[in-house]
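Work through the exercises below with the model open. Each task is followed by a solution in short steps.

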Amino acid sequence: MVAKVITVTSGKGGVGKTTATANLAAALAAEGYKVVCIDADIGLRNLDVVLGLENRIVYDIVDAIEGRCRLRQAMIRDKRLPELFLIPAAQTRDKSAVTPSDMVRLCDEIRPEFDYILIDSPAGIERGFRNAIAPADIAVVITNPEVSAVRDADRIIGLIEAEEKGPARLIINRIRPDLVRRGEMLNTDDVLELLAIELIGIVPDDENVVTSTNQGSPVALNGKSRAGQAFRNIARRLAGDKVPFMELENHNGLFGRLARLIRPGGA
Amino acid sequence: MNSFLDRILGKDRKSAHQAKERLKLVLIHDRTDLNPGEMDALKDELIAVISRHVAIDPGAVRIEMSQEGREQRLIADIPLKPAVRRRASG
């Protein structure tokens, strides 16, 4: 086993990096892969609460890097998915406590034991991003279909190319099909034309993400959620499966059919 | 055809269309580190240099940025004035 390192990044904050990391890790673990996710957002840790593992932290990544514990001791095993582990960020330190070469060394140490290592990058383009991208085999950029998120995604894609970690793959998160249909939200083709990178997933806006996060249980484990299905599809694509992209438009119903008649070029 | 339909149906006034058009321009400047003012200065200098060697009509010159994948390229379309007229005026 030699793990692939997948870094999830975005530039802009609040577009869903942590949610995506938690869900891709959970979905891969549910498929039977051995997965560890690393929270690289030192000082603003959140992957632990999204995964519902916040009460089980004893050691964190900085403890492991500075030798206060062995790396194994900083890994928390998920109770729902025994193949899923988390290395939490330190909360009382800042990004300067970790260097890009620390991250490379740390990942190299655990690569033989896992199938996938997922790294949740902090927002921004500074040290935290460079720490997160340094060990990456695959860079996944997540964005929302809105101007500020797309602009920042473009910037981060450029930086990923400059670090020779490209080509990045794109997840468009929080798509609202109703707005897209009315021409009031950028659609998948618009975003792809602007950013010109390979698409690896589209995730609809879904209130199940909010409730799952409230409960500390990744939405990918919820069989009924559309977002959960989207994350499971992305996980399978990362693992090399060919999975068709989700149909976000609801074509049934009178309204949907009327809308398509009136606006044939729409959505 | 699509853009014709879009225009008839008023789709080009929708906010998604505006978002896309605005982003196109912003991304060109972000990627090339050239703001609109610098771009104008570049055009003026290019026209000046080329005019020193051949006769051109500055009004017909078109210099613009185009996107090809993630690559930006500067496209210059510079029609030359016919040589006959140059001889006549010289």
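**Exercise 1. A loop in chain A**

In which loop of chain A does Pro167(A) lie? Then describe the backbone there.

Solution. 
- This is a predicted model.
- Pro167(A) sits in the loop that links helix H7 (147-162) to strand S7 (169-175) of chain A.
- The peptide bond joining Gly166(A) and Pro167(A) is cis, with omega about -5°.
- Glu164(A) is placed in the loop between H7 and S7 of chain A.
- Its phi is near 55°, which is positive, and Glu164(A) is not a glycine.
- For context, most peptide bonds are trans, and most residues other than glycine have a negative phi.
- Now take the surroundings. Glu164(A) has 6 other C-beta atoms within 10 Å, so it is exposed.

**Exercise 2. Another positive phi**

Where is the place of Ala196(A) in chain A? Classify its exposure.

Solution. 
- Ala196(A) belongs to the loop between helix H9 (188-195) and S8 of chain A.
- Phi of Ala196(A) is about 50°, a positive value, although the residue is not a glycine.
- Count the neighbours. Ala196(A) has 16 other C-beta atoms within 10 Å.
- A buried residue needs 20 or more, and an exposed one has 12 or fewer.
- Ala196(A) is therefore partly exposed.

**Exercise 3. The sheet of chain A**

What is the strand order in the open sheet of chain A? Identify the edges.

Solution. 
- The order of the 8 strands is S3-S4-S2-S5-S1-S6-S7-S8 in chain A.
- The sheet is open and its pairing is mixed.
- Read off the ends. Strand S3 (76-77) and strand S8 (198-204) of chain A are at the edges.
- Each has a single partner strand, so one side of each lacks a neighbour in the sheet.

**Exercise 4. Strand S5 of chain A**

Solution. 
- Val35(A) is opposite Tyr116(A) in S5(A).
- Val36(A) has Ile117(A) as its bridge partner in S5(A).
- Next, the side chains. In a regular strand they alternate between the two faces of the sheet.
- Tyr116(A), Leu118(A) and Asp120(A) point one way from S5(A), while Ile117(A) and Ile119(A) point the other way.
- These residues are all buried.
- With 5 of its 5 residues buried, S5(A) is largely enclosed by the rest of the structure, which is why the count settles the task.

**Exercise 5. Chain A as a whole**

Solution. 
- List the elements. Chain A has 12 helices and 8 strands.
- Of its 267 residues, 49% are buried.
- Take contacts between residues at least 6 apart in sequence. In chain A, 76% of them join residues at least 24 apart.

**Exercise 6. Chain B**

Which pattern does chain B follow along the sequence?

Solution. 
- Chain B holds 4 helices and 2 strands, in the pattern α-α-α-β-β-α.
- For contacts with a separation of 6 or more in chain B, residues 24 or more positions apart account for 40%.
- H3(B) is hardly covered, with 0 buried residues among its 18.
- Domain 1 of chain B is 1-33 and domain 2 is 34-90.
- Across the boundary, 5 residues of domain 1 of chain B contact 4 residues of domain 2 of chain B.
- The domain 1 side has 1 nonpolar, 2 polar and 2 charged residues.

Note on methods
Residues are numbered from 1 along each chain as its sequence is written. Chains are lettered from A and ligands numbered from 1 in the order in which they are written. This is a predicted model: local features need pLDDT of at least 70, side-chain atom pairs count only at pLDDT 80 or more; totals for chains, interfaces and linings use all residues. Domain bounds come from an automatic or database domain assignment. Two residues are in contact if their C-beta atoms, placed from the backbone, lie within 7 Å. Ala, Val, Leu, Ile, Met, Phe, Trp, Tyr, Cys and Pro count as nonpolar, Asp, Glu, Lys and Arg as charged, and the others, Gly among them, as polar. Two strands pair if DSSP finds at least two bridges between them.
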